[in-house]
Amino acid sequence: MPLEFLKRKSAPEQAPAPARPSTPSITLPEEVIAQEYQLKLYYAGKSSEGVRMRTGPNAMAELPSMLHGLAKSEIELVEPLPIEFSQATPVISRPSEAMQWLNAHHVHSPVTRHALVVLESIDAIDLAFDTFVCALLDGEVDTSGYPEYSAVVGGVASHWDEATGDMIVRAVVGWGGKGVRGDTDRIGAKLVSGILTNVLANQFALGLTSIERPVPAAGRGGLVCAHCGFASAHDRAFYCPKCGMRLLRG
């Protein structure tokens, strides 16, 4: 009797593995078509020569009157920044400095904030030592109150002459944004001439001067004015940028 149960069972036949589909080869195009994105911001401005003003208790109060007949919005006064805002700049790529700038100027109107962005970006004014009187001078504003790119903003900027203590006033205008209008430059030049005429007609005006604007030293670790309590823009200042009083040195 054969012993079938002692024989080794043969392994069951396995089904053949399915063939893998072949990966199609990708042909790269000779030229890649890419979406393009671009943003062009155009800022421009003009400034006149300085006008030397005789100092006095009402010298600063005279600045807004120099825009009468030209301003199309409320006239605002922007004083030099105190030392706690010494790093403030309207540049969003520098978050800490941009936040200082917003904290310093959030109280101003959209017209004034727009003017400060334009004029500080092109270095037409420097609030380390300038006092700036601003208004909308030409053009329209959008629904949120900000000037259109072709609108002209500006007014007068003043600082104190370190040598004599006289106040130096100049006409400053600016415009720009997402666009360019051809005749804005001509309108800006006309407005600078009109503002300068008002400055020269003021009772405190002494005449034109070609004095250069002061350059603050790094650090802005200046003295504190005993008259108004303002921290000076730099340690070389002899006169307070805010009130014009001579700084006391020990």
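# A salt-bridge network and a pocket

Arg52, Asp161 and Asp166 are linked in a network of salt bridges.

Visitor: What kind of model is this, and how many helices and strands does the protein have?
Guide: This is a predicted model. Read along the sequence, the protein runs β-β-β-α-α-β-β-β-α-β.

Visitor: Which residue does arginine 52 meet at 3.0 Å, N to O?
Guide: Start from arginine 52, which sits in strand S2 (residues 50-53). With a salt bridge of 3.0 Å, N to O, the residue you want is aspartate 161.

Visitor: Are aspartate 161 and arginine 52 buried or exposed?
Guide: Here you can look at the two ends of that 3.0 Å salt bridge together. Both aspartate 161 and arginine 52 come out as buried.

Visitor: Where does aspartate 166 sit, and how far apart are the closest N and O atoms in its salt bridge with arginine 52?
Guide: Aspartate 166 is in the loop between S5 and S6, while arginine 52 is in strand S2. That puts the two 114 residues apart, so this pair also links distant parts of the chain. In their salt bridge, the closest N and O atoms are apart by 3.3 Å.

Visitor: Why does aspartate 166 count as buried?
Guide: The cut-off for buried is under 20% relative accessible area. Aspartate 166 counts as buried because its relative accessible area is 17%.

Visitor: How many salt bridges does the structure hold, and which residue does arginine 94 meet in one?
Guide: The structure holds 6 salt bridges. One of them has an N to O distance of 3.6 Å and joins the side chain of arginine 94 to that of glutamate 97.

Visitor: What about the second largest pocket: which element gives the largest share of its lining?
Guide: This pocket holds about 220 Å³ of space. Its lining includes Leu39, Tyr43, His114, Val117, Val118 and Lys178. Helix H2 (110-121) and S6 each supply at least two of the lining residues. The largest share, 3 residues, comes from H2.

Visitor: How many residues of that lining are nonpolar?
Guide: Among the lining residues are Leu41, Pro147, Tyr149, Gly176 and Gly177. The lining divides into 3 polar residues, 1 charged, and the nonpolar ones, which number 7.

Visitor: Where is alanine 128, and how far is it from serine 86 in space?
Guide: Alanine 128 has its place in the loop between H2 and strand S4 (131-138). It is buried, with a relative accessible area of 6%. In sequence, alanine 128 and serine 86 are 42 residues apart. In space, C-alpha to C-alpha, the distance is 7.4 Å.

Visitor: And for the protein overall, what share of the residues is buried?
Guide: The accessible surface comes to about 15400 Å², and 55% of that belongs to carbon and sulfur atoms. Among contacts with a separation of 6 or more, 65% are between residues 24 or more positions apart. Of the 250 residues in the protein, the buried share is 40%.

How values were computed. Residues are numbered from 1 along each chain as its sequence is written. This is a predicted model: local features need pLDDT of at least 70, side-chain atom pairs count only at pLDDT 80 or more; totals for chains, interfaces and linings use all residues. Side-chain values use heavy atoms; hydrogens and water are left out. Helices (H or I, at least four residues) and strands (E, at least two) are DSSP runs, numbered from the N terminus. Buried means under 20% relative accessible area, exposed over 50%, partly exposed in between (1.4 Å probe, protein chains only). Contact means heavy atoms within 4.5 Å. Accessible areas come from the Shrake-Rupley method with a 1.4 Å probe; for residues, only the protein chains shown count as cover. A salt bridge is a side-chain nitrogen of Lys or Arg within 4 Å of a carboxyl oxygen of Asp or Glu. On a 1 Å grid over the protein atoms alone, a cavity is a set of points where a 1.4 Å probe fits but cannot get out, and a pocket is an open set with protein on both sides within 12 Å along at least five of seven lines; lining residues have an atom within 4 Å of a point. Grid points are joined across faces, edges and corners, and a volume is the space filled by probe spheres set on the points. Ala, Val, Leu, Ile, Met, Phe, Trp, Tyr, Cys and Pro count as nonpolar, Asp, Glu, Lys and Arg as charged, and the others, Gly among them, as polar.
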